[in-house]
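I opened this entry to keep track of what I looked up in the model.

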Amino acid sequence: MRRPLHRPRLAGFGLSFLDVLCCGLGSTVLLLLIVKHGPTEVEAADAAYVVQRTQGAEADIAAAQARRGELQLQRTAQENALAARFASLQVASDQQTAQAIAYAAPLEELKSERAKLRANAAKLRESQAASPIPEPSVETRGGKRQLTGINVREDRVAIFLDRSGSMLHRSLVEIIRLRASGPAFMRAARKWTGAQQAALWAYEQVPPEGRFQVFTYAEDLHDLEGRVVKPGGALSWRVKAGSDADPVRVADALAKSAPSGPTDLKQVFEAAARLNPKPKQVMILTDGFPTLPGIKRLGSLRGCRGANRGAKAVLSPTCRASVYLDAVEVVERRLAGVPIDVILYPLDGDADAVRGYWLLTALSGGRLLTPAEGWP
């Protein structure tokens, strides 16, 4: 029996493994060729959009934070301003309360003085009713019709003519205009020339043997020669029959001055008190309350002080009345029993002057005349 032939075994395992390796390598290469590395165009655009939106949002957040900081600063500044305003209002309220307390006593004193003045006025009316005063008459002197409601005494007549700036006109606007026009227009002002004629008329009523004095006053006092009358010492009288008392010379002396400056009434009463012997009549030609209290400081008078300490004095109507009352004290001390006549010319905004001068003339036994424009 024949023995079967022996066939050698093939190495099948090694070949299969090699195929597998080749297939795997090919697949890897194929994947590397097929798959694209890195982001796609869509993904890149999306990423850029996201970055842009993120940056915009961050910028908006930064701007909002900056705006928030500004608003906080504005709010803080407004709160500080409101706090300061509230503090100033509180201080003003405290000052007003203190002023009201401080003015309470002076107000009561003024009310008491007002009651006294009313009582004196009532007594005066009763005395006038008992002995009526004749009505002012009109008579002709030198071809001119003159109102003689104010009777001029025969001796020792002192005439004081106000030459302050307000004597130019009754209106403040016209006063400013005339002051800017020059001295010639100021001397020719109708109100001023009328006051000069009234002073000259009063002088003409003094008899030839009578004694008189004529002064003009504003901030200082001038005699007929234009010299400043200094305070202190006795003053003498002029005799109308003398060579220095010619009516033409008196008229020329009055015409040389032009109205200007403030008004000091106190020096008028002091000069009248210095005349030796004592005057029998004092005649004042003016248009309102004075504005200067003599040598006193304006802020020391009641109603003239500023709103705050150290502030400039305010020349209000109340202050001018205080200046006038301070001047009238000289009459009570040194001119008791001397009749004082006042010719009061109109001045807008000084209505209280009529009442003040009326009380002065009434209590001294004189008269008050408020002429119409153009008189005499």
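**Whole chain**

I began with contacts, meaning heavy atoms within 4.5 Å. Among those in the protein chain between residues at least 6 apart in sequence, 79% join residues at least 24 apart. I note that this is a predicted model, in which local features need pLDDT of at least 70, side-chain atom pairs count only at pLDDT 80 or more, and totals for chains, interfaces and linings use all residues. Residues are numbered from 1 along each chain as its sequence is written, and side-chain values use heavy atoms, with hydrogens and water left out.

I then looked up the secondary structure: the protein chain has nine helices and nine strands. These are DSSP runs numbered from the N terminus, helices being H or I of at least four residues and strands E of at least two.

Of the 376 residues in the protein chain, 34% are buried. Buried is under 20% relative accessible area, exposed over 50%, and partly exposed in between, with a 1.4 Å probe and protein chains only. The accessible surface (Shrake-Rupley method, 1.4 Å probe; for residues, only the protein chains shown count as cover) comes to about 24,300 Å², and carbon and sulfur atoms hold 58% of that.

**Helix pair**

Next I took α7 (residues 266–274) and α8 (residues 317–334), whose axes come within 8 Å and cross at roughly 15°. α7 is therefore roughly parallel to α8, a label for angles under 35 degrees. The axes are lines fitted to C-alpha atoms, for helices over the stretch in contact, and angles run from 0 to 180 degrees between N-to-C directions.

Which residues meet here, from α7 and from α8? I found Lys266, Phe269, Glu270, Ala273 and Arg274 on α7, against Asp326, Ala327, Val328, Val330, Val331 and Arg334 on α8. By class, the contact of α7 with α8 has six nonpolar, no polar and five charged residues. Nonpolar covers Ala, Val, Leu, Ile, Met, Phe, Trp, Tyr, Cys and Pro; charged covers Asp, Glu, Lys and Arg; the others, Gly among them, are polar.

**Single residues**

I looked up glutamine 196, which lies in helix α5 (residues 190–204). Its relative accessibility is 11%, so glutamine 196 counts as buried. Leaving out residues up to four places away in sequence, glutamine 196 touches Leu161, Leu254, Ala255 and Ser257.

I checked the backbone at two places. Asparagine 276 and proline 277 are joined by a cis peptide bond, with omega about 0°; proline 277 is in the loop between α7 and β7 (281–286). Arginine 156 has phi near 55°, a positive value in a residue other than glycine. Arginine 156 sits in the loop between β2 (144–147) and β3 (157–162), and counts as buried because its relative accessibility is 16%.

Methods
Angles under 35 degrees count as roughly parallel, over 145 as roughly antiparallel, 65 to 115 as roughly perpendicular and the rest as oblique.
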